[in-house]
Amino acid sequence: MSLNFISYDDDFCGCCGAILGLPPRAPATVICKVCSTQWAVKERVEQLVSRIEKVYERTVADTDGIENDESADAVVEHICSKCGHTKAAYSTMQTRSADEGQTMSRGSSAGFDRHITIFSPEGRVYQVEYAFKAINSTNLTAVAVKGVDTAVIAIQKRVPDSLIVADTVTSVYQISQTVGCCAIGMIPDAKFQVKRAQGEAASWKYKNGYDMPCELLAKKMADLNQYYTQNAEMRSLGCALLFISYDDEKGPEVYRVDPAGYYRGMKGVSVGVKQVPATSFLEKKIKKKSDLNSTETVELAIEALQNSLGIDVRSKDLEVVVVSKENTKFTKLTNDQVEHHLNQIANRD
């Protein structure tokens with residue numbers, strides 16, 4: 001069985017884009033000098049675009065059930081409503097009007113989610129949207145809060161197997177002496193992002209002699225993420241990053257970086273599968289009181305995470321990291337310290 005794939009521009013190769021030396025008469029066969037693809041040139045129908053087709057041979061096993069597959073690239077004939085002639089030919093995946101130059105899609109995402117560099121007719125890039133959905137693949141949630149002199153990240157900790165050493169399972173990482181990070185999403189992508197951030201921070205300190213500011217690091221990571229939304233060299237990374245730091249001039253800082261390459265400073269933020277209820281909780285609390293001291297900042301982050309999960313969490317199910325004016329170094333709280341804050345929240349309620 002053979003299927004026809006059409007090159008809609010009769011001057012260029014549909015595979016590599018090289019200029020084709022078309023014969024003076026049709027039908028004829030043309031071979032691309034760059035990629036050696038063989039094209040069958042059919043004669044023109046009055047003023048309609050000439051048909052240049054590439055023929056692929058497939059075995060019966062390859063084409064089994066293709067007649068019932070709506071996503072198959074079968075050639076379909078259409079009749080022009082103006083002149084009544086058969087148009088150049090259209091694939092069921094994407095149809096093009098030879099006389100009007102309009103492009104129509106069969107479905108909302110049909111064919112437009114196969115490559116990172118293709119926009120849908122609605123102006124959406126589906127691969128980037130899928131990267132946002134991949135953030136929830138680990139079923140974890142993280143909350144970050146900024147106070148007057150403290151920045152905190154509280155994150156779920158889930159040990160999938162009783163044989164795994166719990167201390168080796170973590171979602172928080174030290175980027176430099178003063179910058180900490182939480183990575184939520186696909187674990188390999190998160191590890192890659194963290195190593196890249198550590199490399200950027202180390203390079204900055206080697207060149208300039210001081211730690212890289214949190215804002216510049218977040219901007220650098222966002223720029224790299226945005227690069228991969230335009231370049232087919234690599235897919236978007238399915239993870240989100242939360243950075244915290246204490247700056248001598250700006251005080252505590254919290255930044256969120258997403259797969260689309262957008263970063264922003266936040267007073268309170270949540271990422272992960274329960275980010276909607278956690279964000280709503282933070283908005284209500286911070287609206288009432290935004291000038292939080294160190295203890296209130298830690299407890300608000302833990303309380304927001306606990307409220308979004310809808311269960312009473314234990315200290316071993318949480319990771320809490322802090323930077324403050326008193327201790328600008330990225331510090332992880334012990335289980336006893338986390339348990340103390342949980343008891344304070346329970347007694348207050």
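Good morning. I begin with an open sheet of five strands, ordered β16-β9-β10-β17-β18, with antiparallel pairing. The structure is a predicted model, in which local features need pLDDT of at least 70 and side-chain atom pairs count only at pLDDT 80 or more, while totals for chains, interfaces and linings use all residues. Residues are numbered from 1 along each chain as its sequence is written, and side-chain values use heavy atoms, with hydrogens and water left out.

Some terms are needed here. Helices (H or I, at least four residues) and strands (E, at least two) are DSSP runs, numbered from the N terminus. Two strands pair if DSSP finds at least two bridges between them. In general, strands of a sheet pair through backbone hydrogen bonds, either parallel or antiparallel.

Valine 321 has lysine 332, in β18, as its bridge partner.

Helix α4 (residues 275-288) lies across β9 (141-146) and β16, and runs at about 170° to β16. Helix α5 (residues 294-309) lies across β9, β10 (150-156) and β17, at about 25° to β10. For these angles, axes are lines fitted to C-alpha atoms, for helices over the stretch in contact (heavy atoms within 4.5 Å). The angles run from 0 to 180 degrees between N-to-C directions.

I turn now to aromatic rings. Rings of Phe, Tyr and Trp (its six-membered ring) pair if their centres lie within 6.5 Å; planes under 30 degrees apart count as stacked, over 60 as edge-to-face and the rest as tilted. By this rule there are four aromatic pairs. One of them, tyrosine 126 with tyrosine 130, is tilted, at 6.4 Å centre to centre and 35° between the planes. These two tyrosines are four residues apart in helix α1 (residues 126-134), and are therefore separated by about one helical turn.

Is tyrosine 126 buried or exposed? Buried means under 20% relative accessible area, exposed over 50%, and partly exposed in between (1.4 Å probe, protein chains only). Tyrosine 126, at 4%, counts as buried, whereas tyrosine 130, at 32%, counts as partly exposed.

Finally, the cysteines. A disulfide is a pair of cysteine sulfur atoms within 2.5 Å, and the count here is zero. For cysteine 214, the nearest cysteine sulfur, that of cysteine 181, is 9.1 Å away. Cysteine 214 is buried, at 1% relative accessibility.
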